Amino acid sequence: FGGTRAVMEQLAPMGSVYQAGTLSGNPVATACGLATLREVQKPGFYETLGERTRSLVSGLTAAATKSGVPFCGDSEGGMFGFFLLGQLPQNYATVMTTDSPAFNRFFHAMLDSGVYYAPALYEAGFVSAAHTAEDIASTVAAAHDFFSSPASK
């Protein structure tokens, strides 16, 4: 973080306010942060990330639909979420009708296929700029294998 000279002079060692944090001032962390800022400033970065994430969600949805498994998802930028429901829930009561045993089976089948989702039913997922179209395709293929198996029912 940063601020005006007057604000920054309030921080130790010049001022009386102590500030610390994981990797604060670490030169490797700083170099990584600067490299990340250079990447995200490239033209089309966010558009490409959003498209890649949408392709994951639409691929998962298509794989489930093809096998008759209720599934819906949504994404924004690199963040996505999904439910084992026929349509996106609009309230807490509907969210609570999600089939948690089916999610657990999906989670473990995907993990066995080398795909790691957050282990909790309601957590968001994230696609990064490092994920390739091939990564997305192999993830969708693994999901298709699960959705078309008896374990998904």
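Tutor: We will go through strands, a cysteine and some aromatic rings.
Tutor: Keep in mind that this is a predicted model.

Student: In which sense do β1 and β2 pair?
Tutor: Find β1 at residues 72-76 and β2 at residues 79-83. Five bridges join these two strands. The sense of their pairing is antiparallel.

Student: Which residue in β2 is the bridge partner of E76?
Tutor: E76 belongs to β1, which covers residues 72-76. Its bridge partner sits in β2. That partner is M79.

Student: How many residues lie between β1 and β2 in the hairpin?
Tutor: Look at the turn of the hairpin. G77 is there, with a positive phi of about 60°. The number of residues between the strands is two.

Student: Which residue in β3 stands opposite F80?
Tutor: β2 also pairs with β3, residues 125-126, in the antiparallel sense. Two bridges hold that pairing. Opposite F80 stands G125.

Student: Is C32 buried, partly exposed or exposed?
Tutor: C32 is in helix α2, residues 27-40. Buried needs under 20% relative accessible area, and exposed needs over 50%. C32 has 45% relative accessibility, so C32 counts as partly exposed.

Student: What separates the C-alpha atoms of C32 and L49?
Tutor: Along the chain, C32 and L49 are 17 residues apart.

Student: Now the rings. How are F80 and Y117 arranged as an aromatic pair?
Tutor: The structure holds 13 aromatic pairs. In the pair F80 and Y117, the ring centres are 6.2 Å apart, with 80° between the planes. Planes over 60 degrees apart count as edge-to-face, so an angle above that cut-off settles the class. F80 and Y117 are edge-to-face.

Student: How many residues apart are F80 and Y117?
Tutor: F80 is in strand β2, and Y117 is in the loop between α5 and β3. The pair links distant parts of the chain. F80 and Y117 are 37 residues apart.

Student: Is F80 buried or exposed?
Tutor: The cut-off for buried is under 20% relative accessible area. F80 has 7%, so F80 is buried.

Student: Which helices hold F106 and F146?
Tutor: F106 and F146 form an edge-to-face pair, 5.6 Å centre to centre with 65° between the planes. Both residues are buried. The pair ties together parts 40 residues apart in sequence, because F106 lies in helix α5 and F146 in helix α6.

Notes:
Residues numbered from 1 in each chain as written. Predicted model: local features only at pLDDT ≥ 70, side-chain atom pairs only at ≥ 80, totals over all residues. Heavy atoms only, no water. Pairing = 2+ DSSP bridges. Helix = DSSP H or I, 4+ residues; strand = E, 2+ residues; numbered from the N terminus. Buried < 20%, exposed > 50% of the residue type's maximum accessible area, 1.4 Å probe, protein only. Phe/Tyr/Trp six-rings, centres within 6.5 Å; stacked < 30°, edge-to-face > 60°.
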